[in-house]
Amino acid sequence: MNRYGGQQDSVPVDAGRVSNVPTSWTDESGSGGLDVQLRERQPHAPTPPEKKAQKETGSAHHDAILFLRGILSEAISKGSSDVHLEPHADMYRIRFRIDGVLTHYLERPLSEYTTMLNTVKVLADLDIATHMIPQDGHIELVLQEIDRRVQEHTRPPEDTASSPPSTVPAKSHYYDIRVSVFPSVNGEVVVMRILNRANALLSVEELGMDMVQLQQLQTMLLASYGMILITGPTGSGKTTTLYSVLSELKSSDKNIITLEDPIEFHLDWLRQCEINEERGFTFERAMSSVLRQDPDVLMVGEVRDPTTAEYAVRSALVGRIVGSTIHANTAIGTIARLLELGIPRSLLAHTINGIIAQRLVRMTCSHCQEQYEPEPLHLSHLGLENAPAPFLRGAGCDECGGTGFKGRTGLFSTLLFDETLRGLIFDQRPLIEIQEYAITQGMRTLKMHAAAKVLAGKTTVEEAVRVV
Ligand SMILES: [Zn+2]
């Protein structure tokens with residue numbers, strides 16, 4: 001089961017039910033079987049003149065917390081990754097990002113926005129008096145899943161003296177909500193990223209790779225030193241893959257250090273270090289010293305400029321496994337990108353173990369699959385014009401909120417560096433020739449992997465075309 005889509009594992013989902021939507025500040029009906037605790041931070045102690053005003057705004061603040069609680073709970077039950085609060089000229093809008101796509105959720109009167117904004121700021125420990133510059137913070141959220149059916153069955157009969165407990169122990173789910181507040185012409189926009197600690201980590205088998213890709217990844221990890229690079233655009237799941245790779249390398253005799261900006265998920269078996277450019281703790285500074293911390297495995301959040309590229313390659317050269325992400329379109333294109341960043345060809349050929357290109361596609365909902373006939377143009381884009389029918393899509397049902405999709409899976413293109421491939425790079429052979437050789441060794445392009453997933457009924461032709 002793929003869990004990219006997020007948090008729907010044991011949370012009751014009823015996306016199509018309109019009555020689930022909180023309709024007013026105090027409406028708690030949106031909690032959908034979940035009890036939400038927001039860990040509230042106290043703002044500064046009130047001075048006497050503030051007390052009267054606070055009494056009046058206090059109940060509005062309390063209502064706003066309940067409302068926010070309903071929204072976050074609803075977002076999580078729908079498997080959202082982000083919640084957007086956006087002020088417009090005459091109202092503010094709440095949108096959820098579900099399986100990578102922004103969807104409208106609710107509109108509310110603009111008059112309520114300031115209270116909502118301040119509530120988010122207080123909970124995230126941000127300055128409520130600051131409006132003109134971006135602020136980042138985070139909220140801890142504990143959701144308690146209550147099985148109402150069990151509760152009802154175990155409700156004690158009124159005439160029994162020694163009654164059984166009326167509630168069963170609730171299962172707690174922990175979420176980090178990363179909050180970004182950003183000034184716009186209509187006011188400050190809030191984006192809350194929902195990070196579920198339990199789902200932060202997928203095993204490499206859960207990423208969505210085929211057997212050959214998994215074997216190639218395992219071969220890359222067997223080397224005693226060298227670099228593994230994950231490439232793709234923002235939001236393509238690179239960091240999740242990198243954590244999965246690190247978890248494969250985890251063992252008690254290895255020192256694994258990460259340099260991240262920011263730290264996406266806190267994992268206690270890693271030594272995670274957060275880059276802080278403002279305070280002078282830059283990637284460059286961190287990488288110039290981190291080898292003295294004696295790492296076996298080093299994760300560098302992103303190779304983004306010639307300096308980090310050079311440090312990363314140098315660390316690999318002196319016997320470390322280095323994992324990192326880099327912005328490029330394809331696995332082969334990453335070679336060109338590294339040359340552009342000033343990495344000498346010979347060094348590149350000898351220090352890289354493999355490159356993995358990645359995208360995420362939405363998966364067809366298994367509850368409402370139906371056969372259909374895709375556009376011939378789309379089929380030929382994937383090289384499927386002669387493929388045997390039928391093709392499958394989701395018709396839309398309650399399980400998938402009418403979208404026809406549920407969860408996401410990865411598309412991959414793995415480029416394993418063997419001696420022949422290293423020789424081709426060293427000899428300055430054209431990239432197309434390197435790609436042709438890699439394909440003979442089992443590499444698939446992203447488009448080939450997308451076509452395979454379409455044929456397996458995992459995703460639709462249109463969704464694959466959208467992504468590759
Ligand atoms: Zn469905």
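Let me start with helix α7, residues 306-317, in this predicted model. Which residues of α7 are buried? They are T308, A309, Y311, A312, V313, S315 and A316. A helix has 3.6 residues a turn, so positions three or four apart point the same way. The buried residues of α7 pack against strands β8, β11 and β12, and against helices α6 (283-289), α8 (331-340) and α9 (345-351). Just after the helix comes G319, with a positive phi of about 105°.

Next, the sheet. Seven strands, or 7 as written in the order β10-β9-β11-β12-β8-β13-β16, form an open sheet with mixed pairing. β10 (271-274) and β16 (405-416) stand at the edges with a single partner strand each, so one side of each has no neighbour in the sheet. From one strand to the next, the twist averages 20°.

How do β8 and β13 pair, parallel or antiparallel? Strand β8, residues 226-231, and strand β13, residues 352-364, run in the parallel sense, over 5 bridges. I228 has G354 of β13 as its bridge partner, and I230 has I356. On to β16: β13 pairs with β16 in the antiparallel sense over 10 bridges, and there the bridge partner of V361 is T409. As for burial, 13 of the 13 residues of β13 are buried, so this strand is largely enclosed by the rest of the structure.

Helix α4, residues 211-222, lies across β8, β13 and β16, and runs at about 55° to β16. Helix α5, residues 238-249, also packs on the sheet. The strands that α5 touches are β8, β9 (256-260), β11 (297-300), β12 (321-326) and β13, and its direction makes about 170° with that of β12.

Now some individual residues in loops. E206 sits in the loop between β7 (187-196) and α4. E206 has 16 C-beta neighbours inside 10 Å, so it counts as partly exposed.

One joins D261 and P262, with omega about -5°; P262 is in the loop between β9 and β10. Another joins A389 and P390, with omega about 0°, and P390 lies in the loop between α10 (376-381) and β15 (391-394).

Then positive phi values in residues other than glycine. D125 has phi near 65° and is located in the loop between α2 (113-123) and β5 (135-145). D294 has phi near 60° and is located in the loop between α6 and β11. Are these residues buried or exposed? D125 is partly exposed, with 13 other C-beta atoms within 10 Å. D294 has 9 C-beta neighbours inside 10 Å, so it counts as exposed.

Last, the chain as a whole. Its secondary structure comes to 14 helices and 16 strands. Of its 468 residues, 38% count as buried. Among contacts between residues at least 6 apart in sequence, 69% join residues at least 24 apart.

Notes. Residues numbered from 1 in each chain as written. Predicted model: local features only at pLDDT ≥ 70, side-chain atom pairs only at ≥ 80, totals over all residues. Pairing = 2+ DSSP bridges. Helix = DSSP H or I, 4+ residues; strand = E, 2+ residues; numbered from the N terminus. Axes fitted to C-alpha atoms, helices over the stretch in contact; angles between N-to-C directions. Contact = placed C-beta atoms within 7 Å. Buried ≥ 20, exposed ≤ 12 C-beta atoms within 10 Å, placed from the backbone. Expected span 1.5 Å × (residues − 1).
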